[in-house]
Amino acid sequence: VYPEDYHITLKWYKKQFRIIPLQETTLHWREHPKRTSRNSAHYQQKAFFDLKINEFITNEFQAGDQLGIVGDNSKTDLITSVLKENNVPYQIYVQGETSGIYTSIGKLNLNKSTKLLIAVYPDNKLQEIENYLGKRGFIIGKNAWYV
């Protein structure tokens, strides 16, 4: 399945492989404008979202789960298009600015079957967002995922 490198990473995730960062260089990547991944539809953002949201539905989502999407942006549009194709109900919890993430998550009706897809993640606020989610029972990789 294209994009194949992303696909294998999702398979590793499913098998609960632990991926850790290394300090040393292990691969020198040749980057150029004619590279297939820069020019083929198989590697456009929609292909990544089709793959990862379908994997989420297969591996993480079960009938009866409540699904919330935090974000209202182009990523949200890609996510919801796949969810609609698969008849998966969802609720979008943030309308507009990323700063509304805390108010929106606070409005979630949490239960043990709540799953959360996070389509906003300002780099300088990741730890703050994860702390906030943790206090409300969300654990990244268990019942909440960045997309």
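1. Phe-49 is buried, with a relative accessible area of 3%, where buried means under 20% relative accessible area, exposed means over 50%, and partly exposed covers what lies in between, using a 1.4 Å probe and protein chains only. The model is a predicted one, in which local features need pLDDT of at least 70 and side-chain atom pairs count only at pLDDT 80 or more, while totals for chains, interfaces and linings use all residues. Residues are numbered from 1 along each chain as its sequence is written, and side-chain values use heavy atoms, with hydrogens and water left out.

2. Phe-49 has its place in helix α3, and, when residues up to four places away in sequence are not counted, Phe-49 touches Asn-54, Lys-75, Leu-78, Ile-79, Val-82 and Val-147, a contact being heavy atoms within 4.5 Å. Between the C-alpha atoms of Phe-49 and Thr-80, which are 31 residues apart along the chain, the separation is 9.9 Å.

3. As for the whole protein, there are 6 helices and 4 strands, and the pattern read along the sequence is α-α-α-β-α-β-α-β-α-β. Helices (H or I, at least four residues) and strands (E, at least two) are DSSP runs, numbered from the N terminus. Of the 147 residues, 35% count as buried, and residues 24 or more positions apart account for 68% of the contacts with a separation of 6 or more.

4. The helices α3 and α4 pack at an angle of about 50°, with their axes 9 Å apart, the axes being lines fitted to C-alpha atoms, for helices over the stretch in contact, and the angles running from 0 to 180 degrees between N-to-C directions. That angle makes α3 oblique to α4, since angles under 35 degrees count as roughly parallel, over 145 as roughly antiparallel, 65 to 115 as roughly perpendicular and the rest as oblique. From α3 the contact draws on Gln-45, Lys-46, Phe-49, Asp-50, Ile-53, Asn-54 and Ile-57, and from α4 on Lys-75, Leu-78, Ile-79, Val-82 and Leu-83. By class, the contact of α3 with α4 has 7 nonpolar, 2 polar and 3 charged residues; here Ala, Val, Leu, Ile, Met, Phe, Trp, Tyr, Cys and Pro count as nonpolar, Asp, Glu, Lys and Arg as charged, and the others, Gly among them, as polar.

5. Helix α1 (residues 4-14) packs with helix α3 (residues 45-59) at an angle of about 20°, their axes being 10 Å apart, and that makes α1 roughly parallel to α3. On the α1 side, Tyr-6, His-7, Leu-10, Lys-11 and Lys-14 meet Phe-48, Leu-51, Lys-52, Glu-55 and Asn-59 in α3. The residues of this contact of α1 with α3 divide into 4 nonpolar, 2 polar and 4 charged.

6. The largest nonpolar core has 16 residues, of which Ile-53, Ile-79, Leu-83 and Leu-117 touch the most other members; such a core is a set of buried Ala, Val, Leu, Ile, Met, Phe, Trp, Tyr and Cys residues joined through side-chain atoms within 4.5 Å. The elements that give two or more residues to this core are α3, β1 (66-70) and α4 (74-85). Apart from this core lies another, of 8 residues, among them Val-70, Leu-116, Leu-133 and Ala-144. Leaving aside neighbours within four places in sequence, Leu-117 is in contact with Ile-53, Phe-56, Leu-67, Gly-68, Ile-69, Val-70, Ile-79, Trp-145 and Val-147.

7. Gln-16, in the loop between α1 and α2 (36-39), has a positive phi of about 65° although it is not a glycine, and Gln-16 is exposed, with a relative accessible area of 69%. Asn-87, in the loop between α4 and β2 (91-92), has a positive phi of about 55°, again without being a glycine, and Asn-87 is exposed at a relative accessible area of 70%. Most residues other than glycine have a negative phi.

8. Two further loop positions can be set side by side. Ala-63, found in the loop between α3 and β1, is exposed, with a relative accessible area of 82%, and lies 8.8 Å from Val-88, C-alpha to C-alpha, the two being 25 residues apart in sequence. Asn-143, in the loop between α6 (126-135) and β4 (144-146), counts as buried at 15% relative accessibility. The C-alpha atoms of Asn-143 and Lys-115, 28 residues apart along the chain, are separated by 4.8 Å, and Asn-143 touches Thr-114, Lys-115, Leu-116, Gly-137 and Phe-138, not counting residues up to four places away in sequence.
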